[in-house]
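Let's go through this model together, one question at a time. Each reply works up to the name or value asked for.

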Amino acid sequence: MLSVRVVKIGGNEIDRPEWLAACARALVRLDPVVVVHGGGRAVSALSRRLGLPVEQRGGLRVTPPGVAEVVEMVLGGPVNRQVVAALRAAGLDAVGLSGVDGGLLAARASTEDLGHVGEITAVRAALLESFLLAGLTPVIAPMAPGAESGPPFNVNADDAAAAIAGALGALELLLVSDVPGVQVDGAVRPALDAGDVETLIELGVAAGGMAAKLRAATAALRAGARAVRIGDLRLLDDTRAGTRIVAPAVQPA
């Protein structure tokens, strides 16, 4: 099995060319790597221009069919292209993909009342491994095939990255955004037990996008990722940066 890292980039930073260039330079040092990107701000901007609703619940986008078309257009188009271009400029041989390409991701409709949103049921890990073995860096837009006639499912980028990291048995999943880590009582926690995640969410300590990230982190560990950290760009350069999510120790029988 390849020793690969999966890096999800997103938050409000992905629209800033200088941030994306710095991210790309840091990713070169982590190669081999699989990159999954969000792009929520760009999706919201185009939705508003088209008079479509912009709504989030628990850090997840409510996605009626019209918004699903915007997600496909924006994430599979300009955002994916920008990330690929930045990585190639930094020296990585990046190739853009969506979860639809080659049947990379399979999904079912989410059980949450979020519209055209998918929950990943399978990842075609061998396809990613073939790219990596060829020296290519996959850059994945998080969507999965929906009904044959309609747009793809919108998949939360943190959840997509978690499923991919689990399927690849990734050395590490890095959830990179614009916050330094998980803050509890005003301070970034260096580590959190996965078993405490739901309690933190129930107490309101982690809400919105951070709640979604924490749930994705625990799902990645359950699925086979060996480590997960949440934080900002420093995650890519410093193994101690951010908040490490620690899988519960297995109790002896």
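Q: Which residues of helix α2 (residues 40–49) are buried?
A: First, some ground rules: this is a predicted model, where local features need pLDDT of at least 70, side-chain atom pairs count only at pLDDT 80 or more, and totals for chains, interfaces and linings use all residues. Residues are numbered from 1 along each chain as its sequence is written, and side-chain values use heavy atoms, with hydrogens and water left out. Buried means under 20% relative accessible area, exposed over 50%, and partly exposed in between (1.4 Å probe, protein chains only). In α2, the buried ones are Val43, Ser44, Leu46 and Ser47.

Q: What do the buried residues of α2 pack against?
A: Contact here means heavy atoms within 4.5 Å. Helices (H or I, at least four residues) and strands (E, at least two) are DSSP runs, numbered from the N terminus. The partners of α2's buried residues are β4 (60–61) and α3 (65–90).

Q: How confident is the predictor on average across the protein?
A: The score is pLDDT, the predictor's confidence in each residue, from 0 to 100. In the protein, 96% of the residues score at least 70, and the average pLDDT is 90.

Q: Which residue of β11 is the bridge partner of Lys8?
A: Strand β1 (residues 5–9) runs parallel to β11, and five bridges join them. On β11's other listed pairing, four bridges link β11 to strand β15 (residues 228–231), again parallel, with Val176 partnered by Gly231 and Leu173 by Val228. For Lys8, the β11 partner is Leu175.

Q: Which residues of β11 point the opposite way from Leu173 and Leu175?
A: In a regular strand the side chains alternate between the two faces of the sheet. Strand β11 (residues 172–176) is mostly covered, with five of its five residues buried. Opposite Leu173 and Leu175 you'll find Glu172, Leu174 and Val176.

Q: At what angle do helices α4 and α5 cross?
A: Axes are lines fitted to C-alpha atoms, for helices over the stretch in contact, and angles run from 0 to 180 degrees between N-to-C directions. The axes of α4 (residues 125–133) and α5 (residues 157–168) come within 10 Å and cross at roughly 80 degrees. That makes the two helices roughly perpendicular, a label for angles of 65 to 115 degrees (under 35 is roughly parallel, over 145 roughly antiparallel, and the rest oblique). So the crossing is roughly perpendicular, at roughly 80 degrees.

Q: Is Asn80 buried or exposed?
A: Asn80 sits in helix α3. Leaving out residues up to four places away in sequence, Asn80 touches His37, Val74, Leu75, Gly96, Leu97, Val139, Ile140 and Ala141. With a relative accessible area of 7%, Asn80 is buried.

Definitions and conventions
Pairing = 2+ DSSP bridges.
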